Amino acid sequence: MTAPLPDSEPPVRALCVAMPALNEEKLIRQSLQALATQLHKDFTLVVVDNGSTDATQAIVADFARIHPAMDVRLIHEPQKGTGAAADTGMRFGALKGARWLARTDADCLPAPDWTLRIMEAFDDGLEMIAGQLNPRLDEGLGRASRWLMLLAVEVASFFGRIRPGNKGEGYLGPYQMLPGCNMAITAELYLRSGGFPRTSIEDLHEDRALSNSVRKLTRAYALRRNVVVFGSSRRVQAWGLPNTLAWYADHRFRPDHVDIR
């Protein structure tokens, strides 16, 4: 895990947003801009570079320079994997004083009221929030394809609730599908649950594992459909929808190349 920063490093704000990134020079500037235009601006953004060999780090550093009012931190996680990178970002926030944590990804566009709606959900007493994941509108998908993707997410959520792997002793509430690129959690619950497993995406869906860990600790979690992130459809375009669904369903589809860019 990334080494602790010197004590002179300023504390993060009460809400800390973690963004894992690996070779995202094509899309990350748009993601950063979406966060810069949030209605609720009182948050720290922690970009966790996961070993990029392109211009990702330079883009983040340049963005931070030209947006001095925005608290942007760039840290590094050498262990490759979305779980490892996400966990490093979330723990950075938690251990630096954040009360609430959120996560999105470097190919995603949070809606302008994303952080505002997250804070409203925390004010309502939730300890973990799953948001609504919609397809991006700028990647050439037609309306029919976007609706089909939304339907697929709803079907996947339903089957997650009846899937044997999401049932068992000790759960306090029903399974909740948790999009890793659109979720939020209290820092206390994140640490108490063990956080995202420090794995690679090829081995384990870290968001599902976190959801199931939280279900054994509290019932204060829910889907909030007004917490919206627009996610990339690049896997669907590369693999097709059936194979993409099979990939997310326990890796039943295993492509040779996972990091679609």
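**A walk from L45 through the predicted model**

Leaving aside residues up to four places away in sequence, L45 touches V17, M19, L32, L35, M70, D71, V72 and R73.

A second, separate core of 25 residues includes I75, I185, A187 and L189. L45 itself belongs to the largest nonpolar core, which holds 31 residues. Within that largest core, I28, L32 and L45 touch the most other members. Several elements give two or more residues to it: β1 (15–21), α1 (28–36), β2 (44–49), α2 (56–66), β4 (100–103), α4 (114–123) and β8. Of these, α4 gives the most, with five residues.

Next comes helix α3, residues 82–95. How far apart should its ends lie? The helix has 14 residues, and at 1.5 Å a residue it should span 20 Å. The buried residues are G83, A84, A85, A86, D87, T88, G89, M90, R91, F92, G93 and A94. After α3 comes G97. Its phi is positive, near 110°.

Now move along the chain to T218. This residue sits in the loop between α7 (206–215) and β8 (221–231). Is T218 buried or exposed? Its relative accessibility is 8%. Buried means under 20%, so T218 counts as buried. Which residues does T218 touch, not counting those up to four places away in sequence? They are E127, L172 and L189. With E127 there is a polar contact, side chain to side chain, at 2.8 Å.

Y171 lies between α5 (143–162) and β7 (183–186). Its relative accessibility is 22%, so Y171 counts as partly exposed. The contrast with T218 is plain: T218, at 8%, counts as buried. Y171 can also be placed against S213. The two residues are 42 residues apart along the chain. Their C-alpha atoms are separated by 8.6 Å.

Terms used. Residues are numbered from 1 along each chain as its sequence is written. This is a predicted model: local features need pLDDT of at least 70, side-chain atom pairs count only at pLDDT 80 or more; totals for chains, interfaces and linings use all residues. Side-chain values use heavy atoms; hydrogens and water are left out. Helices (H or I, at least four residues) and strands (E, at least two) are DSSP runs, numbered from the N terminus. Buried means under 20% relative accessible area, exposed over 50%, partly exposed in between (1.4 Å probe, protein chains only). A polar contact is a pair of N or O atoms within 3.5 Å; within protein, one must be able to donate a hydrogen and the other to accept it, and residues adjacent in sequence count only if both atoms are side-chain atoms. Contact means heavy atoms within 4.5 Å. A nonpolar core is a set of buried Ala, Val, Leu, Ile, Met, Phe, Trp, Tyr and Cys residues joined through side-chain atoms within 4.5 Å. The expected span of a helix is 1.5 Å times one less than its number of residues.
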